[in-house]
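Visitor: I am new to reading protein models, and I would like to go through this one slowly. Could you show it to me and then take my questions in turn?

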Amino acid sequence: MPVSTIKAISTIIAPSSLLSTQLNALKPTAVIPLTPNRRRPANHNSPLSQAYNSIFNNDPNPPRLIGNFPILPLRTKTRGPAYTLPIPNPPLPAAESPDPDSESYDILDEVISLFRANTFFRNFEIQGPADRLLIYGIWFLSDCLHKIKPHASARDAQKEVMNLALDLNFAIPGDPGFPLNQMYEAPRDRQDAEQLRQYMAQVRQELASRLLGRVYADDETKPSKWWLSFTKRKFMGKAL
C-alpha cells in the first residue's frame with residue numbers, strides 16, 4: 001500500500017481513537033461511601049474503654065467544696081443551699097435535658113446522660129471534684145430504679161421513689177455507711193455536715209423527679225423495660 005494512502009487512513013482513524021480516550025476519561029468512577037465517625041456523648045472525651053468523666057471538672061469557676069464534695073449549681077425548685085440555674089424557656093418535656101452549652105444544663109443532666117454508659121464500669125478515675133457528685137448521682141439513680149417494680153404505674157413508682165428521695169436518714173461522706181469514704185473527705189464540722197446533707201437532699205429529690213419523667217416518658221401505666229434493665233448493674237461494684 002502506498003505511503004500516502006497509509007497516512008490518509010491514519011488521519012481518519014486518529015480522531016476516533018482520541019474520542020475513545022476522551023470518553024473513557026468521562027466514565028463515572030465508583031463512589032465509596034464514607035463511614036461516619038463514631039460520636040461520643042457531647043463534650044465527653046474519655047476513651048471508649050473508660051468510664052466518662054464530668055465536663056464540670058473543667059469549669060473555670062471552681063465550685064465551693066465541703067470536704068471534697070462540690071456544691072454545684074442546680075436547675076431545681078427544691079429549696080436548699082445550691083445556686084439555682086434558670087429554667088429553660090419554653091420549658092422542656094420531662095424526658096429531655098437542655099443542650100450542654102445551655103446555661104440551664106447542670107450536673108444532674110449529666111448524671112442521667114452518663115448513667116447507662118458508666119454503669120458498665122467497675123473502675124473510675126476521679127479527675128476533679130465534679131466526678132464525686134457524678135459518682136454519687138449514678139449510685140442514687142440505681143437505688144431509685146430498684147424501687148420501681150416492673151408493672152408499677154407512674155403514680156405507684158412516684159410514691160416509692162420520692163419516699164426514698166425525701167428520707168433524710170442517708171449516709172454522707174465520713175459516715176460509716178458511706179460506700180467510698182477512702183475517696184471522699186468528711187465535712188470539717190457539724191455545720192458543714194448539715195449543709196452537705198441539705199445539698200445532697202436537693203440532688204436526690206431533683207434526680208428522682210427527672211428519672212421518673214424518663215422511665216415513664218412513653219407510657220404512664222408501666223415503666224420502661226430498657227431503663228429497668230440497668231438495675232442488675234452496679235457502678236464501680238458499689239451501691240448506697
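Predicted model: local features only at pLDDT ≥ 70, side-chain atom pairs only at ≥ 80, totals over all residues.

Visitor: In which helix does Ala165 lie, and which residues is Ala165 in contact with, leaving aside its neighbours within four places in sequence?

Guide: Ala165 belongs to helix 4. Once neighbours within four places in sequence are set aside, the contacts of Ala165 are Phe140, Arg204, Gln205 and Ala208.

Visitor: What distance separates the C-alpha atoms of Ala165 and Met200?

Guide: Along the chain, Ala165 and Met200 are 35 residues apart.

Visitor: Are helix 4 and helix 5 roughly parallel or roughly antiparallel to each other?

Guide: Helix 4 covers residues 154-166 and helix 5 covers residues 190-215, and their axes lie 8 Å apart at an angle of about 160 degrees. An angle over 145 degrees counts as roughly antiparallel. The two helices, helix 4 and helix 5, are therefore roughly antiparallel.

Visitor: What is the handedness of the crossing of helix 4 and helix 5, and how do the residues of their contact divide by class?

Guide: The crossing of helix 4 and helix 5 is right-handed. On the side of helix 4, the residues that meet helix 5 include Ala157, Val161 and Leu164, while Arg204, Ala208 and Leu212 are among those that helix 5 brings to the contact. By class, the residues of this contact of helix 4 with helix 5 are eight nonpolar, three polar and one charged.

Visitor: Helix 4 also packs against helix 3; which residues of helix 3 meet helix 4 there?

Guide: Helix 3 and helix 4 pack with their axes 8 Å apart and at an angle of about 145 degrees, and their crossing is right-handed. From helix 4 the contact takes Glu160, Val161, Leu164 and Ala165. The contact of helix 3 with helix 4 has five nonpolar, no polar and three charged residues. The residues of helix 3 that meet helix 4 are Phe140, Asp143, Cys144 and Lys147.

Visitor: Is Ser142 buried or exposed, and which residues does Ser142 touch, not counting those up to four places away in sequence?

Guide: Ser142 has its place in helix 3. The limit for a buried residue is under 20% relative accessible area, and Ser142 counts as buried because its relative accessibility is 10%. Not counting residues up to four places away in sequence, Ser142 touches Phe115 and Arg233.

Visitor: How many residues of helix 2 are buried, and what covers them?

Guide: Helix 2, residues 107-118, is mostly covered. Among its buried residues are Ile107, Val111, Leu114 and Phe115, and also Asp109, Glu110 and Asn118. The cover over these buried residues includes helix 3, helix 5 and helix 6. The count of buried residues in helix 2 is nine of its twelve.

Visitor: How many aromatic pairs are there in the whole structure, and how are the rings of Phe69 and Tyr136 arranged?

Guide: A search of the whole structure finds eleven aromatic pairs. In one of them, Phe69 and Tyr136 have their rings 6.2 Å apart, centre to centre, with 80 degrees between the planes. Phe69 is in strand 2 and Tyr136 in helix 3, so this pair links parts of the chain that are 67 residues apart, and both Phe69 and Tyr136 are buried. The arrangement of the rings of Phe69 and Tyr136 is edge-to-face.

Visitor: Why is the pair of Trp139 and Phe178 edge-to-face, and which cluster holds these residues?

Guide: Planes over 60 degrees apart count as edge-to-face, and the planes of Trp139 and Phe178 are at 70 degrees, with ring centres 6.5 Å apart, so the pair is edge-to-face. Both Trp139 and Phe178 are buried. Ring pairs join them in a cluster made up of Phe69, Tyr136, Trp139, Phe178, Tyr184 and Tyr199.

Visitor: Where is Pro90 found, and is the peptide bond from Asn89 to Pro90 cis or trans?

Guide: Pro90 is found in the loop between strand 2 and helix 2. Most peptide bonds are trans. The bond from Asn89 to Pro90 has omega near 5 degrees and is cis.

Note on methods
Residues numbered from 1 in each chain as written. Heavy atoms only, no water. Axes fitted to C-alpha atoms, helices over the stretch in contact; angles between N-to-C directions. Parallel < 35°, antiparallel > 145°, perpendicular 65-115°, else oblique. Left-handed = near helix turned anticlockwise from the far one by under 90°. Contact = heavy atoms within 4.5 Å. Nonpolar A, V, L, I, M, F, W, Y, C, P; charged D, E, K, R; others polar. Phe/Tyr/Trp six-rings, centres within 6.5 Å; stacked < 30°, edge-to-face > 60°. Buried < 20%, exposed > 50% of the residue type's maximum accessible area, 1.4 Å probe, protein only.
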